[in-house]
Amino acid sequence: MADWCRFNGVDTVFIDPGSPWQNAWIESFNSRLRDELLNAWQFDSLLEARVHLGDWRIDYNCNRPHTAHGDLTPTEFATSWISNQPKAA
């Protein structure tokens, strides 16, 4: 990976080990995923894991309120944001 980045002029950014506050959003997401899905299920197959993860992802992205969105679901937040945009002339 490091060679590909160097040959393609791509810089990488890594957080320091033991410094989750440098990327709090993803650390929070990973914690929720682990607590709500991965620690709650024992998957018997890769297909079963994919199905449960897909269902959890849809619920997380569409149905559950997020504090970052004022406790609205992402769908409600998007609808509210679009309706509050100025109308083009």
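**Figure 1. Phe43 and the residues it touches.** Leaving aside neighbours within four places in sequence, Phe43 is in contact with Leu37, Leu38, Glu48, Ala49 and His52 in this predicted model. You'll find Phe43 in the loop between H2 and H3. Is Phe43 buried, exposed or partly exposed? With a relative accessibility of 24%, Phe43 counts as partly exposed, because the cut-off for buried is under 20% and the one for exposed is over 50%. One of the contacts of Phe43 is Ala49, and Ala49 turns up again as a buried residue of H3.

**Figure 2. Helix H3 from end to end.** Helix H3 covers residues 46–63, which makes 18 residues. How far apart are the end C-alpha atoms of H3? They are 25 Å apart, and that agrees with the 26 Å that H3 should span at 1.5 Å a residue. Now pick out the buried residues of this helix: Ala49, Gly54, Trp56 and Tyr60. What do they pack against? Their partners are helix H2 (24–38) and helix H4 (74–83). Here's a handy bit of background for looking at any such helix: an α-helix has 3.6 residues a turn, so residues three or four places apart point the same way.

**Figure 3. Asp59, a partly exposed residue of H3.** Asp59 sits in helix H3. Its relative accessibility is 33%, so Asp59 counts as partly exposed. To place Asp59 against the residue in Figure 1, look for the C-alpha atoms of Asp59 and Phe43, which are separated by 19 Å. Along the chain, these two residues are 16 residues apart.

**Figure 4. Two residues in the loop between H3 and H4.** Let's start with Thr73, which lies in this loop. Thr73 has a relative accessible area of 10%, so it is buried. Which residues does Thr73 touch, not counting those up to four places away in sequence? The answer is Cys62, Asn63, Arg64 and Pro65. Asp71 has its place in the loop between H3 and H4 too, but Asp71 counts as exposed, at 51% relative accessibility. Check the backbone of Asp71 as well: its phi is near 60°, a positive value in a residue other than glycine.

**Figure 5. The largest pocket and its lining.** This pocket has a volume of about 270 Å³. Which residues line the largest pocket? They are Trp25, Ser28, Phe29, Arg32, Tyr60, Arg64, Pro65, His66, Thr67, Ala68 and His69. Helix H2 gives the most to this lining, with four residues. Sorted by type, the lining has five nonpolar, four polar and two charged residues.

**Figure 6. Stepping back to the chain.** How many helices and strands does the chain have? It has four helices and zero strands, and the elements run α-α-α-α from the N terminus on. The radius of gyration is 19 Å, well over the 12 Å that the globule rule gives for 89 residues, so the chain is more spread out than a compact globule. Taken along the principal axes, the C-alpha atoms fill a box of roughly 50 × 40 × 25 Å. Of the 89 residues, 13% count as buried. What about contacts with a separation of 6 or more? In the chain, residues 24 or more positions apart account for 15% of them.

Note on methods:
Residues numbered from 1 in each chain as written. Predicted model: local features only at pLDDT ≥ 70, side-chain atom pairs only at ≥ 80, totals over all residues. Heavy atoms only, no water. Expected span 1.5 Å × (residues − 1). Buried < 20%, exposed > 50% of the residue type's maximum accessible area, 1.4 Å probe, protein only. Contact = heavy atoms within 4.5 Å. 1 Å grid on protein atoms, 1.4 Å probe; cavity = no way out; pocket = protein on both sides within 12 Å on 5 of 7 lines; lining within 4 Å. Points joined across faces, edges and corners; volume = space filled by probe spheres on them. Nonpolar A, V, L, I, M, F, W, Y, C, P; charged D, E, K, R; others polar. Rg over C-alpha atoms; globule rule 2.2 N^0.38 Å.
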